[in-house]
Amino acid sequence: MNEENIRGNALNRERIIPLLDSQDIDVFTWSITGSTNDTAREMLKQGSIRTAVLAAEEQTAGRGRKGHTFFSPSSGLYYSLVLKPEDENDAIARMTIAAAVSLHEAIMQCTGIECDIKWVNDLYLNGRKIAGILCEAPRGTDGSLLGIITGIGINIHTEEFPEEIRNTAGSLNRPELDKNVLTAALTNRLMYWSRHLCDPRLLSAYKAHSFLLGKQVSFLHNGAEISGTAVDINDDGNLVVEADRTYVLSSGEVSLCGWNAE
């Protein structure tokens with residue numbers, strides 16, 4: 001597909017809005033921005049948004065987990081959904097799971113591609129990371145929850161990656177994919193699952209597409225590398241690993257034994 005056709009699929013809020021199941025959502029789009037999550041955070045602090053979608057074709061200050069940068073060239077989609085949940089405890093714990101399932105469903109809907117979910121917050125295709133998720137819950141000066149920001153970065157047709165991620169990163173390889181259609185599909189699925197965070201079907205879908213369950217994995221625990229079998233993802237979204245004892249992991253990097261899945 002030539003560059004002109006790719007640009008014809010550029011983000012445009014006027015094309016996204018009619019595709020949304022709900023019209024009660026604010027939509028903001030940029031060709032280039034610093035970070036959609038950072039912008040969403042500032043908007044929440046200013047009290048200027050409620051439920052909103054922020055989407056960009058390129059980021060200059062993309063962020064991943066633990067303060068890592070997130071490579072964000074124009075060949076991707078960088079997205080944040082802002083919600084103000086009624087039950088903040090369930091929402092904070094479950095939105096990462098909802099995001100992974102929603103993204104899996106949206107990609108399948110738009111491309112027919114079935115990705116794998118790597119606990120806790122990545123999507124993989126053919127053994128390579130093609131998307132990352134970063135959920136944040138900023139609070140006001142009084143400690144009250146301002147909202148939940150679900151940030152998602154997707155490599156749509158990225159071909160060249162920085163050296164440090166060249167061996168692990170991949171993309172959908174779909175330059176013809178309309179980013180407006182994907183944005184709307186992702187929003188529709190996220191809005192649905194955000195209203196059904198305690199539905200057992202959510203966790204079932206998350207586990208059904210996990211490529212860690214039933215396999216030998218390794219992780220660091222108190223500075224030591226532990227190897228065992230990933231046997232379950234519990235109701236709180238924690239990974240359960242059987243090794244010399246049962247480990248219940250709430251966060252951290254987990255790799256398949258013999259293969260670096262970070």
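In which strand does valine 53 lie? I looked this up in the predicted model, and I found valine 53 in strand S2, which covers residues 52-56.

**Entry 1**

I checked the accessibility of valine 53 and noted a relative value of 1%. Because the cut-off for buried is under 20%, valine 53 counts as buried.

I then listed what valine 53 touches, leaving out residues up to four places away in sequence. The list holds Ile25, Asp26, Val27, Phe28, Tyr79, Ser80, Leu81, Thr183 and Thr187.

I turned to the strand as a whole. Of the five residues of S2, five are buried, and I recorded the strand as mostly covered. I sorted the residues by face: Ala52, Leu54 and Ala56 are on one side, Val53 and Ala55 are on the other, and both faces are covered.

**Entry 1: glutamate 136**

I located glutamate 136 in strand S6. Is glutamate 136 buried or exposed? I read a relative accessible area of 13%, so glutamate 136 is buried, the cut-off being under 20%.

I examined the polar contacts of this side chain. The side chain of glutamate 136 meets that of asparagine 37 in a polar contact of 2.9 Å. A polar contact of 3.4 Å links the side chain of glutamate 136 with the side chain of arginine 41. With neighbours within four places in sequence set aside, I listed the contacts of glutamate 136 as Asn37, Arg41, Arg63, Gly147, Ile148 and Ile149.

**Entry 2: the second largest pocket**

I noted a volume of about 420 Å³ for the second largest pocket. How many residues line the second largest pocket? I recorded 18, and Ile92, Ala93, Thr96, Val120 and Ser250 are those nearest its centre.

I classed the lining residues of this pocket as nine nonpolar, six polar and three charged. I also asked which elements contribute to the lining: helix H4 (88-111) and strand S6 (128-136) each supply at least two residues.

**Entry 3: backbone geometry**

I returned to valine 120, one of the residues nearest the centre of the second largest pocket. I placed valine 120 in the loop between strand S4 (116-118) and strand S5 (122-125). The peptide bond that joins tryptophan 119 and valine 120 is cis, with omega about 10°.

I next looked at two asparagines. Phi of asparagine 126 is near 55°, a positive value, and this residue is in the loop between S5 and S6. Asparagine 126 has a relative accessibility of 73% and therefore counts as exposed, for which the cut-off is over 50%.

Phi of asparagine 222 is likewise positive, near 55°. I found asparagine 222 in the loop between strand S8 (216-221) and strand S9 (224-233). Its relative accessibility is 74%, so asparagine 222 counts as exposed.

I kept these entries together because most residues other than glycine have a negative phi and most peptide bonds are trans.

Technical notes:
Residues are numbered from 1 along each chain as its sequence is written. This is a predicted model: local features need pLDDT of at least 70, side-chain atom pairs count only at pLDDT 80 or more; totals for chains, interfaces and linings use all residues. Side-chain values use heavy atoms; hydrogens and water are left out. On a 1 Å grid over the protein atoms alone, a cavity is a set of points where a 1.4 Å probe fits but cannot get out, and a pocket is an open set with protein on both sides within 12 Å along at least five of seven lines; lining residues have an atom within 4 Å of a point. Grid points are joined across faces, edges and corners, and a volume is the space filled by probe spheres set on the points. Helices (H or I, at least four residues) and strands (E, at least two) are DSSP runs, numbered from the N terminus. Ala, Val, Leu, Ile, Met, Phe, Trp, Tyr, Cys and Pro count as nonpolar, Asp, Glu, Lys and Arg as charged, and the others, Gly among them, as polar. Buried means under 20% relative accessible area, exposed over 50%, partly exposed in between (1.4 Å probe, protein chains only). A polar contact is a pair of N or O atoms within 3.5 Å; within protein, one must be able to donate a hydrogen and the other to accept it, and residues adjacent in sequence count only if both atoms are side-chain atoms. Contact means heavy atoms within 4.5 Å.
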